[in-house]
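Open the model in your viewer and keep the selection panel at hand.

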Amino acid sequence: MIWFNALEDKHHSQRQARDKLRHRRDFPANVGMSDARDTDDERNNDTKTNPGASRHGNFMNYYQFHPAEERMRQLPHGVWRLAHPARKYAGLDVGCNAGDLTYILYDFLEKIMKSQDQPEISLFGVDLDPILIERARERNLRPDRVTFECLNFLSKDCSETLTRYLDQLDKSRFDVVFCFSITMWIHLNHGDDGLEEFLRKACALAEMIVIEPQPWRCYRNASRRLKRAKSEDFPLLKGLKYTGDLAKHIENIITRLCNFRKVVVTESNGWGRKLLIYERKQQNQVINRNI
Ligand SMILES: C[S@@+](CC[C@H](N)C(=O)[O-])C[C@H]1O[C@@H](n2cnc3c(N)ncnc32)[C@H](O)[C@@H]1O
């Protein structure tokens with residue numbers, strides 16, 4: 001794609017610097033990853049291709065398996081816009097892992113929004129794993145624009161931090177909230193109610209939301225891997241009511257409970273994931289940021 005090539009040229013040296021930093025530290029032995037390329041990975045003991053067990057998806061080597069650049073190809077171009085006439089565009093990346101995708105999202109937004117008055121773009125990445133956040137920070141070449149915090153997204157601390165961040169930008173919500181490959185981990189650890197709470201909270205913070213849900217087969221694989229590693233299974237898994245077509249359930253929650261409307265649902269990518277994109281219904285809004 002044209003934008004992608006241009007982006008690559010422009011940020012080539014920045015990437016090289018990040019990669020150097022990334023490879024300077026050894027990744028721990030297979031802490032593993034599990035929520036993709038599942039069927040192949042199930043048959044293989046090689047740590048390069050076999051994901052290990054994880055309870056929250058906080059894989060140390062996630063981007064060795066899923067290069068962030070590949071995942072950008074799915075993002076549509078025509079849907080990004082400033083919600084209000086202002087030159088600041090703010091995004092939130094929930095479950096940002098080691099920040100690789102966050103950085104690429106920043107580059108993507110910068111490129112794609114050039115035609116829209118070149119707003120000042122800020123991204124905030126949160127993840128519950130302190131080591132991953134440390135790694136993300138070590139490679140941050142834009143600390144003025146990209147911020148990482150170690151927070152559990154469902155916590156009160158997180159709500160307060162995000163509110164302060166938005167206040168500093170003089171905004172009431174993020175223009176976009178990204179939830180890439182995190183819904184399954186929330187669902188497995190917090191159940192159906194937790195998934196609803198997660199989506200409500202993300203939507204309360206968002207003008208637009210981008211979700212890449214894991215399909216149901218990933219749930220079974222994540223559970224199998226825990227058992228194989230002799231860890232306790234996800235206690236809530238057996239009682240889940242939202243099973244099968246997770247994208248459908250998520251769409252129902254977002255459109256029924258969060259007052260968002262569908263913008264686009266993409267085709268599945270190479271590893272069977274769609275992007276679901278929704279936006280806040282415009283009305284005479286009383287801004288309610290009770291998250
Ligand atoms: C499978 S990774 C996906 C990383 C990234 N979003 C991507 O798709 O490239 C899921 C990430 O979500 C994080 N995570 C899980 N539960 C979380 C929570 N309650 N709050 C913040 N981060 C969470 C994990 O630590 C992990 O880094």
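Here are the stops, one selection at a time.

This is a predicted model: local features need pLDDT of at least 70, side-chain atom pairs count only at pLDDT 80 or more, and totals for chains, interfaces and linings use all residues. Residues are numbered from 1 along each chain as its sequence is written.

Start at the ligand. Around the ligand are 22 residues, each with its C-beta atom, placed from the backbone, within 6 Å of it. Select Gly57, Asn58, Gly95, Asn97 and Phe180; these come nearest. Strand 2 (120-127) and helix 9 (183-204) each give two or more residues to this shell. Helices (H or I, at least four residues) and strands (E, at least two) are DSSP runs, numbered from the N terminus.

Next, select residues 156-168, which form helix 8. Its 13 residues reach 19 Å from first C-alpha to last, close to the 18 Å expected at 1.5 Å a residue (1.5 Å times one less than the number of residues). Just after helix 8, pick Asp170: its phi is positive, about 60°.

Now show helix 9 with helix 11 (residues 246-257). Their axes, lines fitted to C-alpha atoms over the stretch in contact, come within 9 Å and cross at roughly 30°. That makes helix 9 roughly parallel to helix 11 (angles under 35 degrees, taken from 0 to 180 degrees between N-to-C directions).

Finish on the side chains of this pair. From helix 9, select Thr183, Glu196, Leu199, Arg200 and Cys203; they meet Ile250, Ile253, Ile254 and Leu257 in helix 11 (C-beta atoms, placed from the backbone, within 7 Å).

Definitions and conventions:
Parallel < 35°, antiparallel > 145°, perpendicular 65-115°, else oblique. Contact = placed C-beta atoms within 7 Å.
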